[in-house]
Structure formats: C-alpha cells, structure tokens
Amino acid sequence: MPVVVRLSAACLRGLAAFSLLFALQVLAAGAHLSYEAKLPADLDTAPDLCARVPCKDVFPGASHFSPRKGQPPYVEAYGPADPTGKPALLGYVMLSTDITDTPAYSGKPVVTLIGMDRQGRYVGVKVLKHSEPILLLGIPETALLKFNDQYLGKSVKDRIEVGPSRPDENVLGLDAISGATVTVVAQNQVMQLSGSAVARQVGILEPTRREPARWQASGQRYSWAELVAMGAVQPLRVLPAQVGLARSDTPFIALWFGDLNHPDLGRSLLGERGYDNLHSRLKPGESALFIVRTAGEESFKGSGYVRGGLYDRVQVRQGADSFTFRDLDYLNLYGLEAAGAPATTESAIFVIRSASFSAAWPWQLAFLGNRVDRATGQRSFAVFESRYWLPAALLAGGRPEVHEPDAPWVRIWKTQAAGIGAFVALLLAVGVVYALRERLTRRATHKNKWPVNAFKYSAWALSIGFVGFGVMAQPSVTQVLTWFHSLLFQWTWSLFLTDPYVFVFWIFIIVTVFLFGRGLFCGWLCPFGSLSEALFKLAGRLGLKRWQKPLPQALHDRLKWLKYAIFMGLLAVSLVDMGRAEMLAEVEPFKTTFLVGISHRPWPYGLFVAVLLGLSIFIERPYCKYLCPLGAALAMPSTFRWFGLKRKRDCNSCKACAAGCGAQAIDAAGRIDHRECLHCLDCMVLYTDPAGCPPLARERKRRERDGLLITPIGRDGYYIPIDAVPAVSARAAAGPDPRMPTHRVQPYGDAPRKLWQRLLLELRDHLWPWSVAGWRSRRALQIAGFSLAVAATLAWGLAAQGRLSAVAIIAGWFGWSVYEVLIRMAGRRYVKDGPWWQSGYRVANWMDMLSYVGFKNLLIGAALFLALKGMGWLTP
C-alpha cells in the first residue's frame, strides 16, 4: 500500500511536467487553418476584392468578378460569356466585415466570405479569419466549417435560426456547435445581415412597405435647445478610442442629425424659404434629413464619390432596410436657422428616394468607419449608430405600433425555457438543501450518512448527466478570462446571454462563493469534479478501497499551490495575449470530457483526461485539489465567505474530522481551510454525532455512568449543560481556537466604538496599507511601497490623460497589488472573517492576504477603469 501511495505521489508530481508538454502541443496546434489568419492590410478598401481573397471558393463556376460596388459593398460573379460575348451574371460575393461588425465570443467578428446566386440562395461560405480559441482547441475548427455548410442551398428569404426547425412558424433550424453557442448565434446574425443587405440592393428581396407619416403640425417654431429636449434632433458622437486611436480632447467625429419632413421641424431648422425650396424639389414618397458636423476632423462625406458616386460613410437604416446616398441625393445645407444652433464645420441634406422609408417609423443614422487594432495595425469595419424617432406629439395619431423581432438571445431563452427552468430549479434545490445542511447532518451519523449523501449523490448524478453531458454547462476558467477582458475592453450583454445555462450557472456560483465558499459548486455541482468523485466512490465499492489512500499531508500542502500558480499564470498571459491564454487553458479537461468527447479529439487530449480520471480511482479528486485553475479562481474570494462550517474548541485536539477529510482541508489544529474545503459535510455529521465525535462520546459515557440526563446537543456542538462541569476539556481550552481559520485579533483595541468610527477605520485600512508597526519592522519596504503607490497614482493620472494604454495600467495595478501584499504582511497582518458587517478579524497568512488584496484591488481598479473608460479617457 505505501508503494501505491508513493506511485500516486510521483504521478502527481509529474502532472506539472505533463501539463507543460500538453500545453506546448496545444500551442503547436494553433498554427493552422483560419485562427487569427493574417489578412491583406487593404482588404477593406481595395476595389478589387477578389484579387485579395479567394472568391472562387465561395462561388464555384464563376470565371471572373467585378470590382466592389454598392453600399454596403458587394462583388458581382460572372460566368463564361454567351455567344453574343456578354458575360452571364451568376450572383454575388460579399465580405461579412464590409457589412456588419457583429462580434463573436472573443469580442472580434468572424471574417466570412459569402457567395449568393441571383435567386438569393447561398452557394458558398468560407471563414477567412476568426479569433475563437474554443474552435481551435476545445472544438475542432472544422466544426465551424460544417456549421457554415448548412447554409448552402438555403435562401436569404428563409427565416433561419440556430436550433430545431419550427415548420409551423416557417423557421429553418441549424444544428448548433455544442459548447460554442455564442459563436454560432453570432455567425448566424452575420450570414443573415450580410445576405439580406446585398439582396435588398440587387432586388432579390422586395422593399418593406410602411405607412407614410401623417403630420400633426401646429406652426410652432422651435429653438435648438427645444429640438434637443424633445428628441427632434439627435447626436452621434464617435471618440478616437472607439476607432483604436489615441485619446484626444477632440472627438473623432461629432454629428447632429434630424428630420426635415415635418413642417414645424423643417421650418424651424431651415427657415420658411429654405423649407419651401427643399420640398419643391422633393417628389411624392421622398424624404429628407440633415446631418451636420460640429466637432472632429473626420468628414462624414468622405471623398464624396468613392464607389460609383456613393457617400460611403453615412447610411440610414430602418428595420432590415438600408438606404445609401449617391451624389444626386445630396443637397447643400448652408446653415441652420434654429435659434441657438451650434456652429458647423460640415453640413448636408440627404434625400431618401424610396417609398419603403417612412419618417413616422424609428430609424438609425449609421456612421461607417474603420477600427484600428493597435497591437497589429489591422483595420476592421466598424459601425456607430444613433437612433431617431419623431416625437409622438408631431404625428397624427401618435407613433405607429412597431413589432421588432426578438434579439437572438431572447429567442434562445424562449425556445429553451423548459430546460432553463429545470436547471434553475436544480440550482435552487441544491442551494436550499445546502443552506439547511445542519438539519440534515443532525439526522446523519458517521455510520449512516445517507440523510446527507442522498442529496449529495443526486446532485452529482444530475451534475454529470444533465449539466455536463446534457446541456453542456460546465463552467471554465476561459469564461473568467473572457469576462475579465470583456469588462475591461468591450462588454456585450447579448453575447453572454446567448448561452443561458452558463449565464445562470455563473450567477449561482458568484452568489454561493460569497455565501459559503467555493465548496458548494466544486463539491456538489461541478460536472467534472462530480465525475471524479463518483469514480473514487465507485472504485471503493468495487473492492479497491484498500488501495485508496490520501497523499501525505506534507506533499498535499505543497501540491495544492500548483492550481493557484496555473491560474495566476493564465491571468498574466491573458494581459499580453488573450488567445494564447485561452489555448493554455486546455489544462482543463472539461471540453474534451463534455463538449467534444475523447474520441473526437487528438490523442494528447484524451490521454490527459484518462490520466486524471485514472488517478481519481485511487486519489480523491486529484485534479480539483491540485490542478484546477477555475477552483483556484473561486478559492480566492472564498477567503471572505460569510458562512463557514462549524467547529468546537475540542476540534483542536481530537483529529477525528481531519482523519476523514477527503479534501485534506483540516489542519492539525482542527481548523478548516475554506479555500480547499469541498463541503462533503462529513465533519458536520461528526459535529453532532454522539457516537462519532470523541468529545461528545466521552460526555455521553460520563452522563450514562453517573446516571445524568442526556440532554440535546446545542448549536455549539456540546450537550446542553446540566451542571457546572465545563463542556470544553482543559487540553482543548489551552490549544488554538479552531472556530477561526487563524488566531483572532482586535486591530482596533477592546474599546467599544460607534458604527461610523468602525467604518472610518475600515476605510482607512482598505486604502492605507502602511502602519506604525510596519514602519518599525520593515522601514525600507514601507518607503519603497509608498514610492510605488505614488507611481501607481501617477499612472492612473496618465491614463486619465490618455497617455497610458489599458494594458499598461492593468499591468501597473497588478504590480502594485503584489507589493501591497508585502507591505500589509509587514504591518497590517489581518483580514476580516465572516459577514462583512461584523467585526471578526483574524491573523492573515500569505494566501489570506493575497486573496484580500487581489479582490479589493480588483474592485477598486475596475471602478476606476470603468469610470475613465466611460468618460473616454482611456486608450485601448
């Protein structure tokens, strides 16, 4: 048996090296197909698109292609010439990023080349570039190619959605990519927006018919301030940082725009003569609007006539229709007559010559531009929109009732409502059962744990079958990294709401981590953790129990830090290269186990999972205890959980709970490390078991021997006293108090203080890490820390002036946080334990302080970062 323990220990020590080799294999796998492929620098501007990209791949049979034309642009595909020498028009080719900048899960669009015939049927789809690591590693990139193949033969006239077909609603369904819901939903939007935009231009889709506006005119003349207040004129403002340029006090472009059709608005803005002159030139069914630039060096007119006389920087969108302007649709605007109107540097009147546009319905002005990736210099298409809808008081009968289609994420929530409801019910049931854990553990004994295990094993089974293999909602550290970067750079609610199970699960995880610690998720509901634990329990039942031994505590205490190192390494790499960090996150076996399957992945992935599950037969949850970066990410805030597991003073001497702790989270003094505890509740069962808990057993035998009453066990874990004999043994009373993870301290002394005084002291502690004790013991460290704090403050000031990038300020704040840990350990070496409104302070160890400083500075940094970003004072 010791041989097996030594062998298992050697295997675990080798897992770090194995993981490194595995990560190198993962990185090598990244050098193929279209993941972050390099595209031509002038791809978005070159007139001859098909000289830059393989248009023939998406339009088989075409012999040559036209230059870009239209707005948004497309390319005509031609076949061989007929006997008269005239080439036959076969269809159209479009580049998705010429039309939409819809981001996928990575926050970047999937650059797609699309072929469509003259009837509107998709004839070819080719992904040129994407930034989705899950489609390279967790899921083969070929899965995206197969997903796109489903569009072939379908028409832009069809209603296409990701999910099952619904013939009664005329909806054609597409098979999703398991585990990549967000990506394929975004890709479906790209396909339909691109196809319909071109189809409407070339006449494949008929224009929408809308009722023309009927005016409620009073003859009133409005000032500019009144027009702004009533929403009759609207701004569209683009900041330099939004297009990847350095922050500047001058916006990239600042526009005002509005309707010129309503008599009161038109006469207020143009004056009587200007309004009459304009409408004398409009034909029935035509509409006019104005655009003026009030700030910025960029022109909304552009070069004027870039593609066939098009104004290619502005566009009006109404519903699914897009309206572009040619040179004949432009009229000079020499000034605005409304009192108080701003000075303008550029102005224009544009005429919409389509009967499908109605000024009574809502519409958007779109400014079409390019966003520069400051890391690579690559330009990408970007759209900035501002919504406009005439006030109801100006329309006879008020605004028309508008039925806009649900957003894709809303449709997903509706179609999966039953499954989501069942998932929420599971989470609530487990949460309620765990919250009532003391009632269950009082009904159980160390020989009969089924009052607890019945619920726990049921949760494992549902976690493995329903959560893992069923709805594939296994959380991952890649989601932590993605959400962290999305929060800092480009948060899009719709993307994360597109995967409802993962979204709901994370709400549950965040709430329960701060209530109980990570153990409820990791120990009860993590699919891979449940599978690992189930294998261990099953192996024990099958006769392998004599081979199942925990690692020596000293070795365990060293190996448990490995998962924190992995998480910190992934976080550090993500600050430099998010894609590389997500590749390295393949140290998680979740995708191979649940999303793709071992048989569908290259052998190193399957071997990695097999090694982990094989070790799980002999060692309880080896991956969870030693390698899991997600567990490490959740363990750090678990330091500040509100409610922990119960301990009594005698727990520091009897060691019964520590001997049976599978997570090895109880130390020699009987203290529980809530960062490592997986909440099996075995110690809670012993806590009130009169036969299993040694202090209770001794007291029970004493009372039986002396003929005393056997009273109930109180909340403190002891029999309710009936005499003056103390419940706590002298030995236990002399030892450390296991009810706190470390020794209690009173940083503010014994004197009672008012609430406002305590709050001020706590605020000082959070913001001022220096102390008199630290100054006396580590003066050089304190001085260096003060200097570094000044530097960090200056860094935030430079960021506010646009002179430091987001990455630089994040890296600087990270460095300050590391140094703050050192300063506090030299002086203010304590953290609060339990609910935040109480005053339970204790001595901090290194991990306590690292968790406290990291979490505190994350909140402070995020608040400052988002404030600066919201004011446009931070460069990307």
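Modeller: Happy to; we will begin with the cysteines and then turn to strands, a helix and some loops. Please keep in mind that this is a predicted model.

Which cysteines form a disulfide? Go to Cys50 and Cys55: their sulfur atoms lie 2.0 Å apart, and the two residues form a disulfide. A pair of cysteine sulfur atoms counts as a disulfide when they are within 2.5 Å, and by this rule the model has one disulfide. Now turn the view to look at the S-S bond. The angle about that bond is -90°, and the link of Cys50 and Cys55 is left-handed. Are the two partners buried or exposed? Buried means under 20% relative accessible area. Cys50 has 18% relative accessibility, so Cys50 counts as buried. Cys55, at 2%, counts as buried too.

Cys677, on the other hand, is in no disulfide. The nearest cysteine sulfur to that of Cys677 belongs to Cys683 and is 6.1 Å away. Cys677 is itself buried, with a relative accessible area of 8%. What about Cys680? The closest cysteine sulfur to that of Cys680 is in Cys661, at 5.8 Å, which is too far for a bond. Cys680 has a relative accessible area of 25%, so this residue is partly exposed.

Next, the strands. Find strand 9, residues 253-259. Seven of the seven residues in strand 9 are buried. Strand 8, residues 233-238, pairs with strand 9 in the antiparallel sense over six bridges. Strand 9 also pairs with strand 10, residues 287-295, again antiparallel and over six bridges.

Another sheet is open and has three strands in the order 17-19-18, with antiparallel pairing. Its edge strands are strand 17 (744-745) and strand 18 (830-832), each pairing on one side only. Strand 17 is joined to strand 19, residues 841-843, by two bridges, and these two strands run antiparallel.

Now for a helix with a bend. Helix 9 covers residues 450-470 and bends by about 35° at Ser463. Ser463 is also one of the buried residues of helix 9, among them Val452, Trp460, Ile464 and Val467. Helix 9 is followed by Met472, and the phi of Met472 is positive, near 55°.

Arg621 sits in the loop between helix 19 (603-616) and helix 20 (622-626). Phi of Arg621 is positive, near 50°, in a residue other than glycine. Arg621 has a relative accessible area of 2% and is therefore buried. Gln664 is found in the loop between helix 23 (656-659) and helix 24 (682-687). Although Gln664 is not a glycine, its phi is positive, about 50°. Gln664 is buried, with a relative accessible area of 8%.

Notes. Residues are numbered from 1 along each chain as its sequence is written. This is a predicted model: local features need pLDDT of at least 70, side-chain atom pairs count only at pLDDT 80 or more; totals for chains, interfaces and linings use all residues. Side-chain values use heavy atoms; hydrogens and water are left out. Buried means under 20% relative accessible area, exposed over 50%, partly exposed in between (1.4 Å probe, protein chains only). The bend at a residue is the angle between axes fitted to the seven residues ending there and the seven starting there. Helices (H or I, at least four residues) and strands (E, at least two) are DSSP runs, numbered from the N terminus. Two strands pair if DSSP finds at least two bridges between them.
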